Amino acid sequence: MKHDRAEPVIGGAQSVDRALSLLGLIGRHSVQGLTLTALVSQSGLNKATVRRLLLALMRAGLVEQAAESRAYHLGSEAYLLGLMAQGRHGLLSLAMDSLQQLARSTGDAAFLSVRRGVYAVCLHREDGAHPIRTYALMPGGHHPLGVGAGSLAMLAALPDPEVDGVLTATADELRDNYPRLGGEGLRAHVARTRAQGYALNPGLIFEDSWGLGVALHGPDGGLVGALSLAAIESRMREPRRSDMLHALRTQARQIEQRLAQGQTNHA
């Protein structure tokens, strides 16, 4: 790479410091965005350096540039990192005890997921002691809403106009990557989930990887996420599946109670 003569080659640590400084500036103005000129002015760096660091941040998905205004905003990866970071102070901290209890009592994997636009993002995976595991969902992984048990529970909890919007936006991805859920398939699963009060994924994404999921609601009734369990098919047959569902619902209620108590404590 050819370096700007106005500035010496930047050391690794200094480059990171400067890139993070730019990221912080953009984050504080992410709604309206900041232009290149504004970033140069506010950062005190020269134009070539700012442009070079912005390109690196954009490659990482941490920053994106609006096509019309040319202003810079936080990117999708920055949003995802924010979701992951909220675990120390937000939903995940309130759900951690329940995730650990589910993993201990069932021996299988427990998950906490949240909605991110038309996608579901896994915030945390807590593995149980059973030696045969399913690795269909890992922290930070995301799928279209409706793909997977927790994701399906969240989609089914949305009002019909939002469900329609999600399915329209993800129709091509569902058709290409999840053929068993494309077309009207996912609508049928949404209806079934609403009728039975929980989501079941009977190996629709990965063979022999089954899941159970329930939506989590805040004190105002709004959707805040989903709690789910995953196991191989032989471990999710009746009557064990009913026992797992009971444990899942019990822990979901406890998380919702903690959310309500947290809001009361901050009132």
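1. Helices (H or I, at least four residues) and strands (E, at least two) are DSSP runs, numbered from the N terminus. By that assignment the protein has 10 helices and eight strands, and Pro239 sits in the loop between strand S8 (223-232) and helix H10 (240-265). The peptide bond that leads from Glu238 to Pro239 is cis, with omega near 5°.

2. This is a predicted model, in which local features need pLDDT of at least 70 and side-chain atom pairs count only at pLDDT 80 or more, while totals for chains, interfaces and linings use all residues. Residues are numbered from 1 along each chain as its sequence is written, and side-chain values use heavy atoms, with hydrogens and water left out.

3. Of the 267 residues in the protein, 45% are buried (under 20% relative accessible area, with exposed being over 50% and partly exposed in between, for a 1.4 Å probe and protein chains only). Among contacts (heavy atoms within 4.5 Å) between residues at least 6 apart in sequence, 55% join residues at least 24 apart.

4. Helix H2 (residues 36-43) and helix H3 (residues 47-59) have axes that come within 9 Å and cross at roughly 110°, the axes being lines fitted to C-alpha atoms, for helices over the stretch in contact, with angles from 0 to 180 degrees between N-to-C directions. H2 is therefore roughly perpendicular to H3 (angles of 65 to 115 degrees count as such, under 35 as roughly parallel, over 145 as roughly antiparallel and the rest as oblique). Leu36, Leu39, Val40 and Ser43 of H2 make the contact with Lys47, Val50, Arg51 and Leu54 of H3. By class, this contact of H2 with H3 has five nonpolar, one polar and two charged residues (Ala, Val, Leu, Ile, Met, Phe, Trp, Tyr, Cys and Pro count as nonpolar, Asp, Glu, Lys and Arg as charged, and the others, Gly among them, as polar).

5. Helix H7 (residues 160-169) packs with helix H9 (residues 185-196) at an angle of about 150°, their axes lying 11 Å apart, and the two are therefore roughly antiparallel to each other. In H7, Asp160, Val163, Asp164 and Leu167 meet Leu186, Arg187 and Arg194 of H9; by class, the contact of H7 with H9 has three nonpolar, no polar and four charged residues.

6. Two residues other than glycine deserve a line on their backbone: phi of Arg70 is near 65°, a positive value, and phi of Asp208 is near 70°, also positive. Arg70 lies in the loop between strand S1 (63-65) and strand S2 (72-74) and is partly exposed, with a relative accessible area of 46%. Asp208 is placed in the loop between strand S6 (199-202) and strand S7 (209-217), where Asp208 is partly exposed at 37%.
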